[in-house]
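Below is a briefing on one structure, grouped by topic. Please look over the sequence and the coordinates before reading on.

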Amino acid sequence: MTDSTKVRQKPGKRERLATAAARVLHEQGVEKTTLADIARAADVPVGNVYYYFKTKDQLVEAAIDAHGQNLQTIIAALDDLPTPQERLKALVGGWVDQRELAARYGCPTGTLAAELDKREDGLDRQIAKIMQVLLDWAEQQFQAMGRSDSRELAVALIAAYQGISLLTNTFRDPELMATEGCRLERWIDSLT
């Protein structure tokens with residue numbers, strides 16, 4: 001069989017459950033989401049969920065891991081771009097491309113972080129590690145641009161995105177994200 005005729009395998013149940021958990025938790029929140037909701041979204045019988053995840057918190061952990069894997073995929077694609085400015089602007093462009101989703105549910109990682117922060121189980125620290133990866137990556141881009149204030153700039157960029165995600169969601173207005181995206185791109189260009 002040649003590469004062009006290979007059939008792409010369906011992801012395993014555990015992976016489908018983790019991906020579905022990330023999506024459903026984003027759409028419904030941790031407290032409102034049931035294992036049955038996640039099983040349905042993953043197209044997995046609810047009884048099978050317990051084979052992979054004994055508790056809802058284990059599914060939340062898997063969702064956090066799915067967020068981390070998604071971020072790594074995004075960063076790998078961005079790192080293929082030739083300059084740090086292009087990488088940062090492509091990151092912003094990706095956020096803008098997701099503006100309809102942000103208008104409906106907010107930032108997937110940010111909303112989960114805010115919700116988990118209200119709990120006492122330590123899952124908030126796990127999602128913080130994902131945010132830290134993005135912050136560190138953005139800092140590296142600003143460093144590559146020769147900026148001595150790279151950490152401050154990275155925080156400003158991520159804070160601007162989280163803020164506009166909240167406003168976009170609050171007002172259910174995706175154009176707020178588009179407008180802020182244009183401003184952020186001009187800001188990135190002004191830093192060179």
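In α4, the buried residues are L59, V60, A62, A63, I64, A66, H67, G68, L71, I75 and L78, where buried means under 20% relative accessible area, exposed over 50% and partly exposed in between (1.4 Å probe, protein chains only). This is a predicted model, in which local features need pLDDT of at least 70 and side-chain atom pairs count only at pLDDT 80 or more, while totals for chains, interfaces and linings use all residues. Residues are numbered from 1 along each chain as its sequence is written, and side-chain values use heavy atoms, with hydrogens and water left out.

**More on α4**

- The cover over the buried residues of α4 includes α1 (13-28), α2, α3, α5 (84-97), α7 (108-116) and α8 (123-144).
- Helices (H or I, at least four residues) and strands (E, at least two) are DSSP runs, numbered from the N terminus.
- Helix α4 has 24 residues (56-79) and should span 34 Å at 1.5 Å a residue; its end C-alpha atoms are 35 Å apart, which agrees. The expected span is 1.5 Å times one less than the number of residues.

**Nonpolar core**

- The largest nonpolar core has 55 residues, of which W95, F142 and L157 touch the most other members. Such a core is a set of buried Ala, Val, Leu, Ile, Met, Phe, Trp, Tyr and Cys residues joined through side-chain atoms within 4.5 Å.
- At least two residues of this core come from each of α1, α2, α4, α5, α7, α8, α9 and α10.
- Helix α4 gives the largest share of this core, 9 residues.
- This core lies between domain 1 (9-63) and domain 2 (81-192), because both give residues to it.
- Leaving aside neighbours within four places in sequence, W95 is in contact (heavy atoms within 4.5 Å) with L134, L157, I158, Y161 and M177.

**Domains and annotation**

- The protein chain is divided into domain 1 (9-63) and domain 2 (81-192), with bounds that come from an automatic or database domain assignment.
- The C-alpha centres of domain 1 and domain 2 lie 26 Å apart, and 8 residues of domain 1 are in contact with 13 residues of domain 2.
- An unreviewed UniProt entry carries the annotation "domain: HTH tetR-type" for residues 11-71. UniProt positions are given in the numbering used here, feature names are shortened, and annotations may be inferred rather than shown by experiment.
- Residues 11-71 are 77% helix and 0% strand, and the end C-alpha atoms of this stretch are 19 Å apart.

**Individual residues**

- D43 sits in the loop between α2 (35-42) and α3 (46-52). Its phi is near 60 degrees, a positive value in a residue other than glycine, and D43 is exposed, with a relative accessible area of 57%.
- R172 sits in the loop between α9 (150-171) and α10 (174-190). Phi of R172 is near 50 degrees, also positive in a residue other than glycine, and R172 counts as exposed at 53% relative accessibility.
- Most residues other than glycine have a negative phi.
- E180 lies in helix α10 and counts as buried at 14% relative accessibility. Beyond its neighbours within four places in sequence, E180 is in contact with A160 and I164.

**Confidence**

- The mean pLDDT of the protein chain is 94, and 95% of its residues reach 70 or more; pLDDT is the predictor's confidence in each residue, from 0 to 100.
- Over residues 1-5 pLDDT stays under 50, and the model has 1 contact beyond four places in sequence for them.
- Where pLDDT is low, the predicted coordinates should not be read in detail.
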